[in-house]
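Biologist: I would like to learn how to read a structure of this kind, one feature after another. Please show me where to begin.

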Amino acid sequence: MTEKNENIKNKLALLPDTPGVYQYFDKTGKIIYVGKAKNLKRRVSSYFNKVHDSAKTNMLVKNIYDLQYIVVKTEEDALHLENSLIKEYKPRYNVLLKDDKTYPWICLRSEHFPRVFLTRKVYRDGSKYYGPYANVHLAKTVLELIRELYPIRTCNYALTPENIAKKRFRVCLQYHIKNCKGCCEGKISEEEYDGYIEQVRQILNGDIHQLSRHLLEEMQKLSAELRFEEAQAIKEKYDLIEKYKAKSVIVNPALHEIDVFSYDEDEGVAFVNYMHVRGGSIVQSITIEYKKKLDESAPEILSLGIAELRSRFGSKAKEALVPFLPESSFDNLEFVVPQRGDKKKLLAVSEQNVKQYKIDRLKQNEKLNPEQRVMRVLSRIQQDFRLPELPWHMECFDNSNIQGTNPVASCVVFKKGKPSKKDYRHFDIKTVVGPDDFASMREIIYRRYRRLLDEGEELPQLVIVDGGKGQLSAALESLEALGLRGKVPIVGIAKRLEEIYFPGDSLPLYIDKNSESLRVIQHMRDEAHRFGITFHRNKRSKGQVKSALDSIVGIGPKTRDALLTHFRSVKRIKEASESDLASVIGEAKARIIKEYLK
């Protein structure tokens, strides 16, 4: 046994059956992984007594040269310690919290005539701090509401009774525009000012419903006493409060002090949304993301997110709504997985937010790196259509005819998921008589890939035929004749239900209607149809022109072309006077055409 294995074996034998945090070190002494456990001995030993399904976990174990552990009292303590150690050391194999910025607070300053302002720094100076606010706009909206409702000062003067008595300050513009009552000159008492501050506390504590009721009662009382001007002033404040409530997400006033967490993930990244509900209103909402390093489970990452967000926002809520139970338990916190009612609706709001965050993040990344979206879409197509490689080059075929006349076909080419119009091709059907879509498909598939093989051009990674099993079978016959069956993946798409048919499968595949891969295939199918119809119409139009002019005795191709170049259509030729025709082709021929087209 190597020295490394002997060292680890000895430490495993000494591990206690208690909650704690373990740390793994590589041969250079660097921490490469930090984990938590309800039972240190059982958890840590599980890394070394089996081969894991995940290659990343096996790689982690291979690189472990030493381990240490820290014993704590509870599983929640272990979770918080794990979180802080991960932030401190950023181990290579740990899930990584990507959002670690500071958030604003609203400060109610501990001073004479307290100020209310926004700050990102918290000092232990006796002041009261509310937040933090994940949404800066929300914090500013709350401040604007407070300043519209109450004449709170914005100056930073030291308004002690001594300084006011000595008349050290003078009122400013805020006093003259009635945003301040002039506390710097003693025009308002501290008792009256503190009455405003008490109501500000109510707003910041989220007790808006109680404040709203108080204002309504006060307004009705003043109105009953015929003090209408004072009642109007109260009404304006009441209306502002109601307007603010309308902007807030109101759930149910009975839901007070509840945390809500939801979870979503993408390849290699997990997202946790947090909302705090106070008095029925969502007062905080934020989504954080973790970069996964191993195959961390959803309950494990949700536990990390709950610990991080409750610590960051100082939540004391005793109930948390979750989509599933997290891996860890927390002291004085009950988890509820709601099944119906207001709590279920509240969880749905959180889930909507975490999904939107994931979408926004994806769009932002793809905006910065367009190739990323291409790779993602092509990877999805490869997965949905069971392709051996990424479909950088795809082709789609469609037939077009009306009652068997003027049969044509089209081939559209997509490269990197987008139309490559210079590679589009039209086909006149040459060997088929009558409306036979299967035979037409057999002909154009053979002609297209016979030519690509003869010219040494690259073959597509996916071929799509517009039609069901019949068209697909016909196309397969041509590939078989060319020796390409099994070498060029091919599918059929039926128009009615967007059914995808694969060679050899009697039942179709139904791809999710919202799938990006299906949207690309539909785009190709619609583009092939449009391109084919345009060609078919042009061909029919030319056929009609030919039958109208070429059957006139004495009028040859040069005369016909001269007329069409000048008049653009047979209709205009019919409408032209004999003299107009004569100016282009001469009097004799003009007389023949007018006589024929009467």
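Predicted model: local features only at pLDDT ≥ 70, side-chain atom pairs only at ≥ 80, totals over all residues.

Biologist: How many bridges join strand 5 to strand 7?

Modeller: In general, strands of a sheet pair through backbone hydrogen bonds, either parallel or antiparallel. Here strand 5 (residues 105-108) is joined to strand 7 by three bridges, and the two run antiparallel; two strands count as paired if DSSP finds at least two bridges between them. Strands (E, at least two residues) and helices (H or I, at least four) are DSSP runs numbered from the N terminus.

Biologist: In what order do the strands of this open sheet lie?

Modeller: Three strands form the open sheet, in the order 6-5-7, with antiparallel pairing. Strand 6 (116-119) and strand 7 (128-130) are the edges, and each has a single partner strand, so one side of each is left without a neighbour in the sheet. Neighbouring strands are turned by 30° against each other on average, direction ignored. Helix 8 (residues 190-204) lies across strands 5, 6 and 7 and runs at about 160° to strand 5; such angles, from 0 to 180 degrees, are taken between the N-to-C directions of axes fitted to C-alpha atoms, for helices over the stretch in contact.

Biologist: Which residues of the largest nonpolar core touch the most other members?

Modeller: In soluble globular proteins, nonpolar side chains tend to be buried together. The largest core here has 27 residues, of which Ile-106, Val-116, Ile-146, Ile-152 and Leu-204 touch the most other members; a nonpolar core is a set of buried Ala, Val, Leu, Ile, Met, Phe, Trp, Tyr and Cys residues joined through side-chain atoms within 4.5 Å. Strand 5, helix 5 (136-149) and helix 8 each supply at least two of its residues. Val-116, leaving out residues up to four places away in sequence, touches Ile-106, Cys-107, Leu-108, Leu-143, Ile-146, Arg-147, Ile-152 and Val-200, where contact means heavy atoms within 4.5 Å. Another core, of 26 residues, lies apart from it and includes Ala-409 and Val-463.

Biologist: Is Phe-113 buried or exposed?

Modeller: Phe-113 is buried, at 4% relative accessibility; buried means under 20% relative accessible area, exposed over 50%, and partly exposed in between (1.4 Å probe, protein chains only). Phe-113 lies in the loop between strand 5 and strand 6, and its phi is near 50°, a positive value in a residue other than glycine. Lys-178, in the loop between helix 7 (173-176) and helix 8, also has a positive phi, of about 65°, without being a glycine, but Lys-178 counts as exposed, at 71% relative accessibility.

Biologist: Which element gives the largest share of the lining of the largest pocket?

Modeller: Helix 12 does, with eight residues. The pocket has a volume of about 790 Å³, which is the space filled by probe spheres set on grid points joined across faces, edges and corners. On a 1 Å grid over the protein atoms alone, a pocket is an open set of points with protein on both sides within 12 Å along at least five of seven lines, and lining residues have an atom within 4 Å of a point. Of its 22 lining residues, Asp-266, Glu-267, Leu-362, Arg-376 and Glu-516 are the closest to the centre. Helix 12 (341-368) also holds Val-354, which is buried at a relative accessible area of 1%. Val-354 and Phe-261 are 93 residues apart in sequence, yet their C-alpha atoms are 9.4 Å apart in space.

Technical notes: Residues numbered from 1 in each chain as written. Heavy atoms only, no water. 1 Å grid on protein atoms, 1.4 Å probe; cavity = no way out; pocket = protein on both sides within 12 Å on 5 of 7 lines; lining within 4 Å.
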